[in-house]
Amino acid sequence: IELKSGILNIFLKTGIVFTQVDLWLGLSYCDGKWNEVTVNKEGSVISASMNELREQALEPRVQQLKVNSPVYIGGIPPEIQNFYKELGLEQGFGGCMKDVKFTRGAVVNLASVSSSAVRVNLDGCLSTDSAVNCRGNDSILVYRGKEQSVYERGLQPFTEYLYRVVASNEGGSVASVWTRVRTRESVPQNVPTPSRVHSINGYSIEVTWDKPAGVIGVIEKYILKAYEADGPNVPITSAELADADMLTGVLTGLHPFTNYAVTLTACTLAGCTESLHALNISTPQEAPEDVQSPTAISFPTFLLMSWSPPKTPNGIITQYTLYMNGIPIYSGNGTKYVVKDLAVFTPHQFLLTACTLAGCTNSSQVTLFTAQLPPSHVDAPVLTVLDSRTIYVQWKEPVEVNGILDRYIIYIANNEQNFTKWNVIYNSTEPFLDFTIPQLSPGTEYLIKLAACTGGGCSISEASTAITDESTPEGVPAPKAQSYSSDSFNISWTKPEYPNGIIANYGLYMDGVLLQNSSRLSCYAYGLAPWSLHSFRVQACTAKGCALGPLVEARTMEAAPEGMVDVFTAVDGPKDIQLKWLAPNKPNGKLTYTVLITGLFYVDQ
């Protein structure tokens, strides 16, 4: 059935027989009143009527009409239009319908049985103020002029108008066919507040509302919005309902135990309007979400447990239950608990349950350890002297570690520093149980102790003693020879820089001859000639051998010369005498001579 250019066309196809009935209406239906259309098939007669006008056609070959598919009124969905290409398929019906009847059956309520509706009101929308007189002879002149387009204002929303154009000149005029057009809907007015809100659970609500009154056009969809009662003016969640015939919808995405204000928004193609007021509702409590695992401050024999409220409590927390190794150890409203009498550095599994009136939720399980302590006892290391400069150190892992072994530290001290200064010779996180100490001093007594460390601290063993093998001394010093008289020396020296063992004796050589061999660090040499030159050298000896120090030379102090000075004179002229003399027999030092002359001296006048 199509209504086009004032003609109601009926197309009927049964099998291979095609029948068409055309009923001329003109603009009789454009009177602002309800129009009744009837289509009838009785045997081979097909008829169509509108109000008082009727037309029929006789087709003997027409077959019985059987309807076993959906009935489309006002248009055909796009997905099946390719199967009915013989139809014009112009824009579908837009307007209002009511009281649709079939010969067999009751009156059909389109609003309740239709699967969808586009741009059509299915329960009637006629009102007296929407009547438009569009009969042919009474049509309204919209424009007169030479332009080929016109923009008309002041029309009624969602109203169908017929337009045609008459082109005229001095020879006459010609008119176009009537063209149908409908204005758009208006934005809904006075959208009501939802009539009822019911909580399904803490996360969703069911909203019921009444159809808005006075909507000019077709409602395309409803939108439900929920705002937090004391929150910002931005909806927390919303839901679009495309089935405009449904007056009940479900709004999801809410938070339990929260106050919400729910509004209704109605939309036509022209726009949407939200209700001025909202309906308040409080969602019920639910079981908590995001329950946090407990944490602890660790001590060697107890744990100070604590936990935070769930990130999403979903209500009022009524109780916490703390489980250790699957056994509940605490129930109450607190957020702290001390677990006592635990073993040192021992793992335990903990789980927290948080409850509201609606239910309980577990946290994830977490493993917590008591704190570490230093090892209970560390055995003294075993020392092996490899040579004069190397000691091999071995040790055992402590029996009671009291944690995780973190490192071993070796301390060393020697008798040269009177064992008062301890130095770290080894500090490693490697799990080795031995270490070789190089570059030691020969013949030296060493004290060595071991420290084993965990995260709780270090324990130090007793000291073990080892003496490196002796060796020939090194760095034997030069002696100091000091003469305080003309016939003696006081000679002294210090210990070698590196004794490399126990010094058995010192030998003092003077002029290449061993003068003294003892453990003393000094010697007195006497009976020497004044101002005589002598050489000295010190020899230091251990059980492994001897070493000589550098050679030094020194003289005894000077003494008065001994013997006569023989003087010889020779006359060289009336005014010159030449003097010669011989040195004393024993100079006893560096000699200087003084010549004394007495008598008369010649003076130039």
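1. The UniProt record, an unreviewed entry, places the feature "domain: Fibronectin type-III" at residues 191–286, 287–373, 374–475 and 476–562. Please keep in mind that the model is predicted.

2. Two of these spans are worth a look for their make-up. Residues 191–286 are 0% helix and 45% strand, and the end C-alpha atoms of that span lie 33 Å apart. For residues 374–475 the figures are 0% helix and 46% strand, with 45 Å between the end C-alpha atoms.

3. Now to one of the sheets. An open sheet is built from three strands in the order β21-β22-β25, with antiparallel pairing. Its edge strands are β21 (295–298) and β25 (336–339), each of which pairs on one side only. On average, neighbouring strands in this sheet are turned by 25° against each other, direction ignored.

4. How many bridges join β21 to β22? There are four, and the two strands run antiparallel, with β22 covering residues 303–306.

5. Finally, the surface. A nonpolar patch is formed there by Val-565, Val-567, Trp-581, Tyr-593, Val-595, Ile-597 and Phe-601. Together these residues have about 680 Å² of accessible area. One of them, Val-567, sits in strand β45, which spans residues 567–573.

Technical notes
Residues are numbered from 1 along each chain as its sequence is written. This is a predicted model: local features need pLDDT of at least 70, side-chain atom pairs count only at pLDDT 80 or more; totals for chains, interfaces and linings use all residues. Side-chain values use heavy atoms; hydrogens and water are left out. Patches are made of residues with over 30% relative accessible area and no salt bridge: like charges are joined within 9 Å, nonpolar side chains (Val, Leu, Ile, Met, Phe, Trp, Tyr) within 5 Å. Accessible areas come from the Shrake-Rupley method with a 1.4 Å probe; for residues, only the protein chains shown count as cover. A salt bridge is a side-chain nitrogen of Lys or Arg within 4 Å of a carboxyl oxygen of Asp or Glu. Two strands pair if DSSP finds at least two bridges between them. Axes are lines fitted to C-alpha atoms, for helices over the stretch in contact, and angles run from 0 to 180 degrees between N-to-C directions. UniProt positions are given in the numbering used here, feature names are shortened, and annotations may be inferred rather than shown by experiment.
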